[in-house]
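Colleague: I would like to learn how to read a model of two chains. Could we take the features in turn?

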Amino acid sequence: MAINDVIHHLPMTATPPDWPGGYWWHWLFFTVVLIGFVLAMVMGAIYIERRVLGRMQSRLGPNRTGPFGLLQVVADGIKLLLKENIVPSNADKVVHVLAPVVALVPAMMIFAVVPFQDGALLADLNIGILYIVAISSISTVGVFMAGWGSNSKYSLLGAMRNIAAVVSYEIPMVLAIVGVVLVAGSLSMNDIVLAQNIPFILLQPLGFLIFFTAGCAEINRSPFDLMEADSEIVAGFHTEYSGMRFVIFYMAEYTEAIAISAIITTLFLGGWRGPLLPPWLWFIIKVIIVFFLMVWTRTTLPRVRIDQLMALAWKFLLPLALVNLFITAVQVLVWPDGLPWLMVVINIAIMVILILIWSKLFKLGWGRVEV
Amino acid sequence: MKFERFGLGILKGMTVTVRHLWRHPTVNQYPEQRLNLSRRFRGNELTWDRGKCTGCATCAKSCPQGAIEIVTATNLADNKYEVEKYQVDTGYCIQCGLCVEACPYDAVFMGHAYERARYRRGELVQTNDMLLESPERPRSGYFHPEIAKSLPRQTLLVERIVEKR
């Protein structure tokens, strides 16, 4: 089997190794579990987001359907399922229909390499994080297909903004990942978790901030949600979508949010590692904490303009990510076995100084000062 | 050096939002909880007092919308007017309260009720006994301070912030 060339070890499989079918039982088990996990987490995420958002804005959020409004997501889903699927008469029909699937599938494929426990993952690729970087960009193609196929100016504007944002923010995001990879010494997600005796958020605080910001921008979360800015361009790329196709876009959005939370958990928060509780529970708790952080920033910060978005990526995050990468490389080369807690203090100090300097230098076009 | 431009501003904003998370939301769960309205609320359910009304039709003349229709007949035996029909099309009512102010015999009051939704436009027209005061159609204190005194004080949403849950 060619797939065994890529998988370098399988410490935990779902079935005994002497079962007929070998790896495919593992594949079947984890595929079903992962799809179930993603769907459940998406429903939970939508509920958490709406409730927390409501409470932070002095509202209650959905509380009518079921106990504490838990069934609101189900009710919304059923409502949208029963609605008419409208395809605009001038739309490019094939592209229009295909776009939601192209947006959703890569987001779900990210979970294939996210470890829930030591070795408990669909495919322990030795290039796991590279695979994530490669696969997560494909969602953008789906978004652009939606923008182009709808034949609507709002859709196209939203999709083009999305592409501009994703292309720009991919670079600081990958550079932040490289810092983690340097410290961990491996591209495999499982090995990165195993390397975190101290969570990398302490060893790479600047990398965490860069990754969090760039990740939020990648998946269109507020304050960077100007690709679906409802006060400017109706709903961005999914303006012309209704019914089940809209549900798939909605799911894709939250799947990506959960995926970014899972990646941040794995790279920076020590993944499934933690005392007392079972590892998978630790993983889910950490994912929810990171998602809560995203909701928190979403409530707090106003939407940025497109020039601010671009300037933040190219003038702020990219140089910071490069400097961070350089400093990390020097640290890994010079003190490979340096005292970890000393490095934590040094790195946090470096982060504070760098952010102060770059905030001072940060200017929008023509040197205007306002941020 | 002002640190608001160096990331402190974002942190300040985030403390504001997280403090709201622990505060009671300033909302009203409508069908279960109801707020007391202002005691001088001008609801558009007009309340009519048959005993005090002399059928002078001052209210009908003062109504800028012409929403009040009044038909009187002469009762020769008692030597007085009798109101045969007092009809208000509340669909036209703009809650200006001019009829209440114009009435020389204090026979008309603004209503204090507010659940006025109906399924048909015809149901908005209220005639004779439908206009009388009842527990479902209390009088408002508008233009009548003595009624306002007896009504419960208005509840404000601000008072709900201190509520614990």
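Colleague: Which pattern does chain B follow, read along the sequence?

Modeller: This is a predicted model. Along its sequence, chain B follows α-β-α-β-β-α-β-β-α. In total, chain B has four helices and five strands.

Colleague: What pattern does chain A follow along its sequence?

Modeller: Chain A reads α-α-α-α-α-α-α-α-α-α-α-α-α-α. The count for chain A is 14 helices and zero strands.

Colleague: How do I read the radius of gyration of chain A?

Modeller: Set the value beside the one for a compact globule with that number of residues. For 371 residues a compact globule would have a radius of gyration near 21 Å, and chain A agrees because its value is 21 Å. Along the principal axes, the C-alpha atoms of chain A fill a box of roughly 65 × 65 × 45 Å.

Colleague: What radius of gyration does chain B have, and what would a compact globule of 165 residues have?

Modeller: Chain B has 24 Å, but a compact globule of 165 residues would have a radius of gyration near 15 Å. The box filled by the C-alpha atoms of chain B is roughly 90 × 35 × 30 Å, again along the principal axes.

Colleague: What share of the residues counts as buried in chain A, and what share in chain B?

Modeller: Of the 371 residues of chain A, 44% count as buried. For chain B the share is 19% of 165 residues.

Colleague: Take one residue, then. Why is Ile233(A) called buried?

Modeller: A residue is buried if 20 or more other C-beta atoms lie within 10 Å of its own. Ile233(A) is buried because 20 other C-beta atoms lie within 10 Å. The residue sits in the loop between helix H10 (205–218) and helix H11 (243–268) of chain A.

Colleague: Which residues is Ile233(A) in contact with, leaving aside its neighbours within four places in sequence?

Modeller: With those neighbours left aside, Ile233(A) is in contact with Tyr154(A), Leu157(A) and Gly158(A).

Colleague: Which residues have the most contacts inside the largest nonpolar core?

Modeller: They are Phe211(A), Ile258(A) and Ile264(A), in a core of 101 residues. Helix H7 (residues 153–184) of chain A gives the largest share of this core, 15 residues. A second, separate core has 19 residues, among them Cys59(B), Val88(B), Cys103(B) and Phe109(B).

Colleague: What is Ile264(A) in contact with, beyond its neighbours within four places in sequence?

Modeller: Its contacts beyond those neighbours are Phe211(A), Phe212(A), Gly215(A), Leu269(A) and Val290(A).

Colleague: Now the strands. Is the pairing in the open sheet of chain B parallel or antiparallel?

Modeller: In general, strands of a sheet pair through backbone hydrogen bonds, and the pairing is either parallel or antiparallel. Here three strands of chain B form an open sheet in the order E2-E3-E5, with antiparallel pairing. Strand E2 (68–75) and strand E5 (125–127) of chain B are the edge strands, each pairing on one side only. Ignoring direction, neighbouring strands of this sheet are turned by 20° against each other on average.

Colleague: How many bridges join strand E3 of chain B to E5(B)?

Modeller: Three bridges join E3 (residues 80–89) to E5(B). Within E5(B), Thr127(B) is the bridge partner of Gln87(B).

Colleague: Last, the contact between the chains. How many residues come from chain A and how many from chain B?

Modeller: The contact takes 13 residues from chain A and 14 residues from chain B. On the side of chain B that touches chain A, the classes are seven nonpolar, five polar and two charged residues.

How values were computed. Residues numbered from 1 in each chain as written. Chains lettered and ligands numbered in written order. Predicted model: local features only at pLDDT ≥ 70, side-chain atom pairs only at ≥ 80, totals over all residues. Helix = DSSP H or I, 4+ residues; strand = E, 2+ residues; numbered from the N terminus. Rg over C-alpha atoms; globule rule 2.2 N^0.38 Å. Buried ≥ 20, exposed ≤ 12 C-beta atoms within 10 Å, placed from the backbone. Core = buried A, V, L, I, M, F, W, Y, C linked by C-beta atoms within 7 Å. Contact = placed C-beta atoms within 7 Å. Nonpolar A, V, L, I, M, F, W, Y, C, P; charged D, E, K, R; others polar. Pairing = 2+ DSSP bridges. Axes fitted to C-alpha atoms, helices over the stretch in contact; angles between N-to-C directions.
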